[in-house]
Amino acid sequence: MDERIQRRVEKLEQQCQKEAKEFAKKVQELQKSNQVAFQHFQELDEHISYVATKVCHLGDQLEGVNTPRQRAVEAQKLMKYFNEFLDGELKSDVFTNSEKIKEAADIIQKLHLIAQELPFDRFAEVKSKIASKYHDLECQLIQEFTNAQRRGEISRMREVAAVLLHFKGYSHCVDVYIKQCQEGAYLRNDIFEDAAILCQRVNRQVGDIFSSPETVLAKLIQNIFEVKLQSYIKDQLEEHKKSDAEQYLKSLYELYTRTTNLSSKLMEFNLGTDKQTFLSKLIKSIFISYLENYIEVEIGYLKSRSSMILQRYYDSKNHQKRDIGTGGIQDLKERIRQRTNLSLGPSIDTHGETFLSQEVVVNLLQETKQAFERCHRLSDPSDLPKNAFRIFSMLVEFLCIEHIDYALETVLAGIPSPDSKNANLYFLDVVHQANTIFHLFDKQFNDHLMPLISSSPKLSECLQKKKDIIEQMEVKLDMGIDRTLNCMIGQMKHILVTEQKKTDFKPEDENNVLIQYTNACVKVCGYVRKQVEKIRNSMDGKNVDTVLMELGVRFHRLIYEHLQQYSYSCMGGMLAICDVAEYRKCAKDFKIPLVLQLFDTLHALCNLLVVAPDNLKQVCSGEQLANLDKNILHSFVQLRVDYRSSRLARHFS
């Protein structure tokens, strides 16, 4: 069994080897055949290249013969047509058949070029005839273009425009197209919207008609700006230029804004190179005469308008605005009055009027805001900071000087002297209104002026001007507040003088004292609480604490000096302590630690009026009095009625 399988395997191996040899032989034969075929292919390729070279050479030779022949034929035809013009009779069908206007145009255009080279003296007549026919055909083509445009036949318009491209009247063809495009285009009341829609429609169409659509579209836009818009804008502005500055400025701003907005829309179209410069020049050509003197008109209007707003306000108050003296004697009087509280001349009764108006301020700021907006839009970039500064100067003059400063000066002059009785104090109302106005003024400075000057040298100039004017106002506000505080102290002093009796602190019947504190104390505390509330309502921020601290210190000094004027019995001293306790409770409303501390110390000093003589030394060395000067302690002890009888001076020797 194994031998038989072995023999079979050997037989199959022999057969496989035989077939492999036969296959290898066959592959070798095929390779040889392939090499032979490749050689034949190379020979064929070389032959084809040779034949192609011959054919190209033959083609060049034929072309060299045919081109002069074609030129000769064309020249012969032109000579034939030229002879017809020479004879004065046009017989060719191309000139008599209106349907062949395109071919006639091609011929006459060439004849026209030839005629220009001929001497005038010999060919004057024929040159004239060719020129006449040239002109007639040109007119016919333009008329054909016009008719096709009216019919809306874009393909015919494109065909005629292509023929006219080589004629001198091609630009006239473009003019006709532009003129007809605008017929019926301005049907709305909004010329800017109409112009934008027209340009969008033409932009979609012009590329299908003309070979250089961007040139045609640019010419249309130029025509719209220089003819339609310029005429419209001139009519609108000239109507108000001399008679109504406000309406003139509003119209100028609106028209310039709408024109630049239209320009922005047109930027999306292809108008050739540097369309930004092209459109800017068109806008400038329309507005240059108005923009050159814009700022002078703006400042003049702002000045007259601001004056009118102020005058209308003062008229409504039946107030004749007066000149406020400054410098020299006026300043000297001011300093003397400030330091001595002497009344140099009568004070002005303002009848409670602050002469500050929120409505006036809002109107002035609104006018200035609109001026800043116009300035931003209408000023040349190089002049913008300078123009903005001039507008800001107008605001400072009329709002800060003519209105706020005038009100401060007027109400300052109306503040009564400290010794006036029943004086009405309105200056804190002015402070409250002035604070509100300063906030509005500062907001406009930051929101509307700063963006116009932020990157120019005018920034520092504006900041300095603002700083100077606010400091000037603050000096007068401080002066008025100081005088008002003096008047408040004067009112308190008047209450104490008229209401406080000597018997309050040295009653005739020590055993029959029924009151907790004196009537003078009640009235002073009531008055002080009203003034504290008024100060809180009139000021904000740290100013409240500063003014209240100043009032508290002066209030303490007044009570301290007032208490020094009386002699105190034991029961009277108790009543004084009760009064000071009430003053101290009033001082808590100030919410100023220093003021409360002062009244705490004063309360401790009043204890010296009632303490037993033997305990006096111990009380003087207590926590609240230990740091005080002995002379102050002694001065209070001297107010006791038993100072001499109890020999209290020995405690201070």
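Mentor: Before we start, a salt bridge here is a side-chain nitrogen of Lys or Arg within 4 Å of a carboxyl oxygen of Asp or Glu. Keep in mind too that this is a predicted model.

Trainee: Okay, so how far apart are N and O in the salt bridge of Glu582 and Arg529?
Mentor: The side chains of Glu582 and Arg529 meet at 3.9 Å, N to O. With the cut-off at 4 Å, the pair counts as a salt bridge.

Trainee: Which helices does that pair link?
Mentor: Glu582 is in helix H19 (residues 570-588) and Arg529 is in helix H17 (residues 519-538), so the bridge ties together parts that are 53 residues apart in sequence.

Trainee: And Glu582, buried or exposed?
Mentor: Glu582 counts as buried, because its relative accessibility is 12% and the limit for buried is under 20%. Arg529 is partly exposed, with a relative accessible area of 29%.

Trainee: How many salt bridges does a search of the whole structure find?
Mentor: The search finds 27. One of them pairs Lys476 with Glu409, at 2.6 Å from N to O.

Trainee: Why does that one tie together separate parts of the chain?
Mentor: Lys476 sits in helix H16 (residues 458-499) while Glu409 sits in helix H14 (residues 384-414), so the two joined parts are 67 residues apart in sequence. Both Lys476 and Glu409 are buried.

Trainee: What about Lys466, what does it form a salt bridge with?
Mentor: Its partner is Asp442, and the closest N and O atoms are 2.3 Å apart. Lys466 belongs to helix H16 and Asp442 to helix H15 (residues 427-453), so this pair connects parts that are 24 residues apart in sequence.

Trainee: Changing topic: how many disulfides does the search find?
Mentor: Zero across the whole structure. As for individual cysteines, Cys400 is buried at 2% relative accessibility, and Cys620 is buried at 12%.

Trainee: Let's go to the start of the chain. What does UniProt annotate for residues 2-33?
Mentor: The unreviewed UniProt entry marks residues 2-33 as "coiled-coil region". In the model, that stretch is 100% helix and 0% strand, with its end C-alpha atoms 47 Å apart.

Trainee: Which residues make the nonpolar surface patch of about 290 Å²?
Mentor: Tyr50, Val51 and Val55 make that patch. Val55 is found in helix H1, which covers residues 2-87.

Trainee: Is Val55 buried or exposed?
Mentor: Exposed: Val55 has a relative accessible area of 52%, and exposed means over 50%.

Trainee: Last one, where does Thr260 lie?
Mentor: Thr260 is part of helix H9, residues 245-266. At 15% relative accessibility, Thr260 counts as buried.

Trainee: And what is Thr260 in contact with, leaving aside neighbours within four places in sequence?
Mentor: Thr260 touches Ile283 and Arg377 once those sequence neighbours are set aside.

Key
Residues numbered from 1 in each chain as written. Predicted model: local features only at pLDDT ≥ 70, side-chain atom pairs only at ≥ 80, totals over all residues. Heavy atoms only, no water. Helix = DSSP H or I, 4+ residues; strand = E, 2+ residues; numbered from the N terminus. Buried < 20%, exposed > 50% of the residue type's maximum accessible area, 1.4 Å probe, protein only. Contact = heavy atoms within 4.5 Å. Patch = residues over 30% accessible without salt bridge, like charges linked within 9 Å, V, L, I, M, F, W, Y side chains within 5 Å. Areas by Shrake-Rupley, 256 points an atom, 1.4 Å probe, with all protein chains shown as cover. UniProt positions renumbered as here; feature names shortened; annotations may be inferred. Disulfide = S-S within 2.5 Å.
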